[in-house]
Amino acid sequence: MRTPGILIIGLVLAPCGWILDLTSTVAPNWRQLYSIASKPSDTVINQGIWDICESSSTSTNVVCNKRDSDQLYFKNQIIPIAQGMMIASLIVTAVGLIVLTPAVRCWTDRPPRWIIAGIGGLLIFCSGVLTIIPIAWYTHILTTLNTTTIFSNPQSPDIRVGYCIVLGYIGGIMEVLGGLSICLGFCRCCGGRNRGENPQPARAPRTATRAPNPIPYPRSNLPRSVTRSSSSVPYSRDSLDDDLDYPRAKNQNRSTVNPSYSGRPYDADL
């Protein structure tokens with residue numbers, strides 16, 4: 001059976017969103033700090049929700065595990081909230097996919113279980129919301145988060161958005177859209193009953209019935225009024241011989257037939 005399109009959309013968007021959310025959660029690049037005092041001009045400090053890394057824009061060297069150097073940053077209210085909500089989003093997405101996968105039945109001929117699939121879609125939708133909330137909150141207060149880092153120009157610090165914010169937005173939106181498409185299974189009018197996707201009762205296999213052989217009609221029972229001249233279908237002598245249900249005498253030459261014979265002629269001789 002063909003898998004419905006709304007389930008295919010959810011099955012594609014949900015795992016992709018989960019991977020993006022996982023990258024956004026683990027990577028320490030929620031915001032970037034430039035123009036650091038007492039540091040080279042190309043030094044960049046990448047702050048995440050779990051760790052802080054220091055890198056350079058002119059080299060590939062990255063030094064992480066600097067959490068202890070900026071305890072003031074991790075005391076911001078958004079940091080523990082973002083940690084909990086991002087982890088909860090990953091767990092809820094995984095549970096939603098576990099519930100959704102056996103309900104889709106894309107590898108069998110049976111229709112999907114729309115109620116179970118709708119529950120999985122609801123979980124995926126909630127996981128997307130759990131991702132977007134801390135991402136949006138963090139973006140809103142991006143430049144006002146407390147930190148011990150001193151900038152070269154404290155009046156206008158150079159603070160930029162990290163790539164984790166972008167990945168988090170994309171992943172959360174993908175999960176929300178995927179969950180909404182799957183949640184349509186809760187609606188019975190769109191859940192397959194009006195599209196002929198409900199299981200049909202099994203039909204008994206058809207057995208070929210052979211028509212009975214026609215009973216031959218004896219030529220002797222034909223009425224005498226039926227003559228060759230009155231028939232609308234021409235008959236040949238050979239075809240009449242095949243239709244007889246009794247043996248026929250051998251053909252004899254007309255010259256050898258006794259002229260005094262007064263027996264009843266056959267129908268084919270008329």
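This is a predicted model: local features need pLDDT of at least 70, side-chain atom pairs count only at pLDDT 80 or more; totals for chains, interfaces and linings use all residues.
Next I looked up how H3 and H4 meet. The crossing of H3 past H4 is left-handed. I then sorted the residues of this contact by class and found 22 nonpolar, six polar and no charged ones.

I also checked the record. The unreviewed UniProt entry annotates residues 78-102, 114-139 and 159-187 as "transmembrane region". What do residues 78-102 look like in the model? I found 100% helix and 0% strand there, with 37 Å between the end C-alpha atoms. For residues 114-139 I noted 100% helix and 0% strand, and end C-alpha atoms 37 Å apart.

Then I turned to the strands. In what order do the five strands of the open sheet lie? I read E4-E3-E2-E1-E5, with antiparallel pairing. Strand E4 (62-63) and strand E5 (158-161) are the edge strands, so I was glad to see that each pairs on one side only.

Last, I took a closer look at E4 and its partner. Strand E3, residues 52-56, pairs with E4 in the antiparallel sense over two bridges. Here I found Glu-54 standing opposite Val-63 in E4. A reminder to myself: strands of a sheet pair through backbone hydrogen bonds, either parallel or antiparallel.

Methods:
Residues are numbered from 1 along each chain as its sequence is written. Side-chain values use heavy atoms; hydrogens and water are left out. UniProt positions are given in the numbering used here, feature names are shortened, and annotations may be inferred rather than shown by experiment. Helices (H or I, at least four residues) and strands (E, at least two) are DSSP runs, numbered from the N terminus. A crossing is left-handed if the near helix is turned anticlockwise from the far one by less than a right angle, and right-handed if clockwise. Ala, Val, Leu, Ile, Met, Phe, Trp, Tyr, Cys and Pro count as nonpolar, Asp, Glu, Lys and Arg as charged, and the others, Gly among them, as polar.
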